[in-house]
Amino acid sequence: MADFTNDFWSAYIALLTLLGLAGCGILLWAQSKVKIPVSKDGKQQTTGHNWDEGLEELNNPMPRWWMWMFYISIVFSVVYLVLYPGLGAFAGKLGWESTGQYQAELKKADADYGPLFAKYQQQDIKTVAADPQARAIGERLFLTYCAQCHGSDARGSKGFPNLTDRDWLYGGEPGVIKTTIMEGRHGQMPSMAAALGSDKDVENVAHYILSFSGSAMSDPIKAAFGKGKYGACAACHGADGTGNQALGAPNLADKVWLYGGSSESVMETIRKGRDNTMPPFKNFLGEAKVHVLSAYVWSLSNDTTSLARK
Amino acid sequence: MSEAAPEFSVIKMYAAREEIYPREIKGWYANWRWVCVWLTQLVFYGLPWLSWNGRQAILFDLGARKFYIFGVVLWPQDFIYLAALLIICAYALFLFTAVGGRLWCGYACPQTVYTEIFMWMERKIEGNRSARMRLDRQPWSLEKLARKSAKHAAWGAVALWTGFTFVGYFTPIHILWGAAGTLTLGPWEWFWVLFYAFATYGNAGWMREQVCKYMCPYARFQSSMFDQDTLIITYDQERGEPRGAWKKSGSKPAQKTVQGDCIDCTMCVQVCPTGIDIRNGLQYDCIGCAACIDACDSVMDKVGTPRGLIRYATDNAIKNHLSPRQIWQRALRPRVLVYTGILLLIVTAFLGSLVTRTPLKLDVIRDRGSMGREVEDGIIENVYRLQIMNTDERVHRYRISVSGIDSITLATPDIVELKGTEARAVPVRVRVAHGMGEKGSNRIMFKLEALDDAALQVKENAVFFVPR
């Protein structure tokens, strides 16, 4: 019992509580009758209390059931203290505690929903994705655990990938998505400023990169100058800029940009590099939930209606 | 002079309740109370059975958090109307109390109304006052047992029906009726039906005046709304005293000089539901039911003196012999005018706002996750969830539009359709071209308008974020 340094304080508080209760009972009993001097005519209208020379208290008794309610309250509190914790460190006869209540609710939730998740876990992710109920569960999981970074519509934000397009850093197959959620990812792009040379070179390479996707922001002259320096990038992103999912190197030839597709953003990426982490959810959510979540994420960019029909 | 040893006696600070057997009384005010009983109970028992727009006319659907009151559907956001309604009730109570004393207690309070109904059943089964007193003094017999059980069965039936009706305001009563027939109510419905039935049975059958005297908070503070010009039920001491039975011999005018009009028949005490003697003056136990007035008037009619020995009058009127006209003139005093003014103001505001209420609500929730994102060609995109609430009972199609920054557009469909009393969170993406708007937050405005009704529109401010 960490709350009390030794038994003395527990006993002290228990004693105070019980004395308080006994005091309430004694006070009530002592005050239910009063002894007063009888007036000369034998009739006694007042309680004998007299203030300010003449203000007298009339005897106007409260109903007796009112007094019984006080006694019942005292008995109730004693019974309560025997059953539930409240007397110092005494745990109460029912052994009730808030942690136990929490555990009980957790157990109940597991018993209620466990079989459902277990059922889905037996199924293929694509099959799960075709199940509207599973998708609804997946959406709620997503809104609780994923929306903070990827947005509630799963379209991501600067530095956080959009999950609704068909563009994937590590691959969009159901199994890969599940691995990503289970194990997490760590994407690193080193700073290339030194390798490329001057600031001008960085700008030119950025415009060359933007030209892959036919971006309106790409300046053809600068792009032409940048082409020669792109070799440093090709190792990961490929000569045509289509990226490499095995490395998590983004495809530069589409219109999807993790850190923004303006020339300024691309230049900053080249200059400073990027370091990006997706945390693992394996231990936190457990595989059964991740399975349903993976199906939901996969369904965002894949048509599940055709699956449902077959 | 020898000083006698003072004698002491023990008095109890808590006393057993003394059973009160109010005598039945008929008369002008008793009739008014029965009118109130009928009106309030017809409304209470009848309302939940009415239908409107294919649903229960009055239904407080706590589960769906929607209150249906005929054509009006109130949502949690409309809670202000409940507050306004309670304020109106409170001010109306203040006003009536300042002018007419305990009008509420005497005629309309549920405690009074149900006690009246229960006492009526008691009279039908156990007989009148003296018969009831005799019955209670008797030892237990088969007849006493039969009468007592019949009474409690009748009370129980009315109480259960009251509890059932009460729950019928929260659970559709037709469904409830079916479930009650097969005893398949939900646990909460069982609880409230039985709880409310028990409260009715206990309060109207057993507690009666104890509720008014010891439990009712209004009884405790109503005196602060009384003044010298508030109508109260008074005994005209000047006219009545000295009281006493008239001697049979001798003519009345001669008697009058030595004796007052009160013949001390104690009818006013016998009919009093709280068991007080009004001739002792104004008391906090007096609930202003005017039963004593009816009783005294009928006695005055019999003995041939004018009515009104016990009557509605004000403190001032009794002291200064004011005419009824003067009493009414004094009713228009500052406190009454202030109460009336405030009451009118709130009622007008309440009705005005209820009538001009737009049955459409919009909350804009900026996405918690992403501040702002850059999509193709440097376009900045923000995500919102528009919580749209169609508080009307008809289907509506709405157009969403957004304004506030040059080139601002919606990237998601701008037409949504909501069924009657439906609420839905609609995800909306808003786009601004590269370089538009300030870096950081920009004020924008969402507008939602019904396609079929131009008056049905709401606007809501929001913030658009451009990443630095």
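Author: Welcome! Domain bounds come from an automatic or database domain assignment. By that assignment, chain B has domain 1 (28–77 + 99–217), domain 2 (224–337) and domain 3 (360–466). The centres of domain 2 and domain 3 of chain B, taken over C-alpha atoms, are 70 Å apart.

Reader: Before we go on, how are residues, chains and ligands numbered or lettered?

Author: Residues are numbered from 1 along each chain as its sequence is written, while chains are lettered from A and ligands numbered from 1 in the order in which they are written. This is a predicted model, where local features need pLDDT of at least 70, side-chain atom pairs count only at pLDDT 80 or more, and totals for chains, interfaces and linings use all residues; side-chain values use heavy atoms, with hydrogens and water left out.

Reader: Which residues of chain A does UniProt's "domain: Cytochrome c" annotation cover?

Author: A word on such records: UniProt positions are given in the numbering used here, feature names are shortened, and annotations may be inferred rather than shown by experiment. According to the unreviewed UniProt entry, "domain: Cytochrome c" covers residues 133–213 and 221–301 of chain A. Helices (H or I, at least four residues) and strands (E, at least two) are DSSP runs, numbered from the N terminus. Residues 133–213 of chain A are 56% helix and 6% strand, with end C-alpha atoms 38 Å apart. For residues 221–301 of chain A, the figures are 51% helix, 6% strand and 36 Å between the end C-alpha atoms.

Reader: Where does UniProt place the feature "binding site" that includes His150(A)?

Author: The unreviewed UniProt entry lists Cys146(A), Cys149(A), His150(A) and Met278(A). They span 133 residues in sequence, yet no two of their C-alpha atoms are more than 10.7 Å apart, so they gather at one spot.

Reader: Is His150(A) buried or exposed?

Author: Buried means under 20% relative accessible area, exposed over 50%, and partly exposed in between (1.4 Å probe, protein chains only). His150(A), in helix H6 (residues 147–150) of chain A, is buried at 11%. Met278(A), in strand E6 (residues 274–278) of chain A, is partly exposed at 22%.

Reader: What does Met278(A) touch?

Author: Contact means heavy atoms within 4.5 Å. Setting aside residues up to four places away in sequence, Met278(A) touches His150(A), Thr180(A), Ile181(A), Gly184(A) and Arg185(A).

Reader: Which residues make up the "binding site" feature with His237(A)?

Author: UniProt's unreviewed entry gives Met189(A), Cys233(A), Cys236(A) and His237(A). These residues span 49 positions in sequence, yet no two of their C-alpha atoms are more than 10.6 Å apart, so they gather at one spot. Cys233(A) sits in helix H11 (residues 231–237) of chain A, and His237(A) is in helix H11 of chain A too. Cys233(A) is buried at 9%, and His237(A) is buried at 9%. Apart from neighbours within four places in sequence, Cys233(A) contacts Val205(A) and Gly238(A); among the contacts of His237(A) are Met189(A) and Tyr230(A).

Reader: At what angle do H4 and H5 of chain B pack?

Author: Two packed helices are described by the angle between their axes and the distance between the axes. Axes are lines fitted to C-alpha atoms, for helices over the stretch in contact, and angles run from 0 to 180 degrees between N-to-C directions. Helix H4 (residues 110–126) and helix H5 (residues 129–137) of chain B pack at about 70°, with axes 9 Å apart. That makes H4(B) roughly perpendicular to H5(B) (under 35 degrees is roughly parallel, over 145 roughly antiparallel, 65 to 115 roughly perpendicular, and the rest oblique). Here Glu122(B), Arg123(B) and Glu126(B) of H4(B) meet Ala131(B), Arg132(B) and Leu135(B) of H5(B).

Reader: Which residue has a positive phi of about 65° although it is not a glycine?

Author: Most residues other than glycine have a negative phi, and most peptide bonds are trans. Ala290(B) has that positive phi of about 65°; it lies in the loop between helix H13 (267–270) and helix H14 (291–303) of chain B and is buried at 1%. Asp52(A) has a positive phi of about 45°, and Asp52(A) is exposed at 68%. As for peptide bonds, the one from Glu241(B) to Pro242(B) is cis, with omega near -10°.
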